[in-house]
Amino acid sequence: MQRVRTASVPPYLRALFRRLSVPVALVVELPAGATSLPAMALQLCKLAQQGTKLEGPKFEAVAATASPRVRLEHAGRSLVLDHEALVAGNVPLARQVAAELLDRAETAEALERFAREAPRQDALRRLTRAMLETQSIERLRQITLLGMTSSAALGFDRAALFVHDEEARAVVGSSAIGPYDDDEAHQVWEAIELHDKTLEELIAEHVAGDTESRFEAFVRTLEYDIDQAVPGDEVAAALAASGPLVFTRSMRRSGPLAASGLFTLPQPVSPVIAALDPPDEFLVSAIKLRGKALGVVVADNRYSRAPIEREALASVGFLLDASALVLENLRLLESVETLARHDGLTGLFNRREFETRMQEEQSRAQRLGSQCALLLLDVDHFKAVNEEQGARAGDEMLQMVGVLLRSTLRAHDIVARFGGDVFAVLVTDTTAEQVVAIVRRVGALALEQGISLSVGGSLWPRGNEDTSVLYAEADGALYAVKRGGRGRARIEGAAEDSVFFQA
């Protein structure tokens, strides 16, 4: 038995017996004095201990043979493998099993299993490659859901992804692929059949899409409070499980379904699942990494009403595990990129990122004929704050300015900390009047918090297409304000020579 445990089983031999739909008994015939078994016999014995369709092994002492033999038994049939057959290899063994041990229906079923599984495994490899190549978390989610719904892969009619929010103790609808109703389902399938799109083409279309589908828009409205879970809740069960779970609403099924990852229920318990209105069978699976939940996927065959293939559950687990690993890498990469582009104290953009975005915005303004403005803000008497109250008080003041700028300016305006006590703002798609109003509001709000600001700015373009003039004019305006008394602003291109923050 020690040799059996150390035997190396080739993957193709393991795949052969796992694809059989019927159990096969393994009997080893040992002649008197036999001290060893051929490698194939050892491999079959090990397979019989690994939960495949091979059962046993059972050892029998025989005197009629000079060397060990293996006997495979099924449904009254027997296939004897002598020494010559045991050393012939895997391909002759597969032929013998199909020709002499299985009937035609069983052979056809084994071929059908292979026909379904081979393209699925190929599709999973291509999906994994696409995951590894993407640099976007949103695209990763789309690729994952495409793998769940593509006929080349797992083939569900629709799939929805809910992202796990650990702090809020909730799962929130994020992404989805699939038709919204029966009419849309017919149109989608008809388009796929007419165009015969490859998996790569489908991936490219989905990751390049700028608009969300009606089904995705609906999923984004759904949220599930984990603390509200009740007994039988499907999402809670999936979060606690180690793999995909299949639930069925049909009461005609019987047997120990829970032991095989299947559960019977009259109606969906989770409000999220109920809102999706699944058919009689649906799948719920958590996306986990090292035991930590990252999200939940719900998939079903809402329109085709096709049963969920139990053999596909392992592929679902593989796809979601791969997605979890890539997601962790992308989050780490995103964290590194955030540190490289942002100021560590205030969370605003740093100078390098700001200047890159300013160049992009100036090019856009030239192209569209719009106007932008650069504002440079300096905290007045900041050195005295550091010397009298300490560096921590100075840091808190800079953080207050950062929060003030983010909360006061528009979402598409660009805000950065240049370093020290100098901040920069690029106001996009604006006018001179709007810039003056923004500056006056920021300065007044800062004064309410006990912070005095000096601001220099410039509008661009103003009869001059030279992009370098914008920074030079704003910097010159800031210098003039600081030299002239602080606590106010000067904007080159504005009608007012000076903008005061208080009377």
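User: Which side chain meets Glu166 in a salt bridge?

Analyst: Lys292 does. The N to O distance is 3.5 Å. Keep in mind that this is a predicted model.

User: Is Lys292 buried, exposed or partly exposed?

Analyst: Partly exposed. Its relative accessible area is 46%.

User: What about Glu167, where is that one?

Analyst: Glu167 is in the loop between strand 5 (158-165) and strand 6 (170-177). Glu167 counts as exposed, because its relative accessibility is 79% and the cut-off for exposed is over 50%.

User: Which residues form the negative surface patch?

Analyst: Asp165, Glu167, Glu223 and Asp225 form it.

User: Back to salt bridges. How many does the structure hold?

Analyst: It holds 29. One of them was the Glu166 and Lys292 pair. Another joins the side chains of Glu396 and Arg392, at 3.7 Å from N to O.

User: How far apart are Glu396 and Arg392 along helix 16?

Analyst: Four residues. The helix covers residues 391-408, and that spacing is about one helical turn.

User: Which residue does Glu496 form a salt bridge with?

Analyst: Arg440. The closest N and O atoms are 3.1 Å apart. This pair also links distant parts of the chain. Glu496 is in the loop between strand 16 (488-492) and strand 17 (499-500). Arg440 is in helix 17, residues 432-448.

User: What is the accessibility of each?

Analyst: Glu496 is partly exposed, with a relative accessible area of 33%. Arg440 is partly exposed too, with 33%.

User: Which residues are joined into a network by salt bridges that share partners?

Analyst: Glu29, Lys58, Glu60, Arg69, Arg71 and Glu73. They make one network.

User: New topic. How many aromatic pairs are there?

Analyst: Three. One of them is Phe247 with Phe282. The ring centres are 5.5 Å apart and the planes are at 15°, so this pair is stacked.

User: Why stacked?

Analyst: Because the 15° between the planes of Phe247 and Phe282 falls under the 30 degrees cut-off.

User: What does that pair tie together?

Analyst: Parts of the chain that are 35 residues apart in sequence. Phe247 lies in strand 8, residues 245-248, and Phe282 lies in strand 10, residues 281-289.

User: Are they buried or exposed?

Analyst: Phe247 is buried, at 3% relative accessible area. Phe282 is buried as well, at 0%.

User: How are the rings of Phe418 and Tyr471 arranged?

Analyst: Their centres are 6.4 Å apart and their planes are at 25°, so this pair is stacked. Phe418 is in strand 13, residues 414-419, while Tyr471 is in helix 18, residues 469-484. That is a link across 53 residues.

User: How accessible is each of them?

Analyst: Phe418 counts as buried, at 15% relative accessibility. Tyr471 is partly exposed, with 27%.

User: Which residues do ring pairs link into a cluster?

Analyst: Phe354, Phe418 and Tyr471.

Technical notes. Residues are numbered from 1 along each chain as its sequence is written. This is a predicted model: local features need pLDDT of at least 70, side-chain atom pairs count only at pLDDT 80 or more; totals for chains, interfaces and linings use all residues. Side-chain values use heavy atoms; hydrogens and water are left out. Patches are made of residues with over 30% relative accessible area and no salt bridge: like charges are joined within 9 Å, nonpolar side chains (Val, Leu, Ile, Met, Phe, Trp, Tyr) within 5 Å. Accessible areas come from the Shrake-Rupley method with a 1.4 Å probe; for residues, only the protein chains shown count as cover. A salt bridge is a side-chain nitrogen of Lys or Arg within 4 Å of a carboxyl oxygen of Asp or Glu. Lys and Arg count as positive and Asp and Glu as negative; His and the chain ends are not counted. The place of a charge is taken as NZ of Lys, CZ of Arg, CG of Asp or CD of Glu. Helices (H or I, at least four residues) and strands (E, at least two) are DSSP runs, numbered from the N terminus. Buried means under 20% relative accessible area, exposed over 50%, partly exposed in between (1.4 Å probe, protein chains only). Rings of Phe, Tyr and Trp (its six-membered ring) pair if their centres lie within 6.5 Å; planes under 30 degrees apart count as stacked, over 60 as edge-to-face and the rest as tilted.
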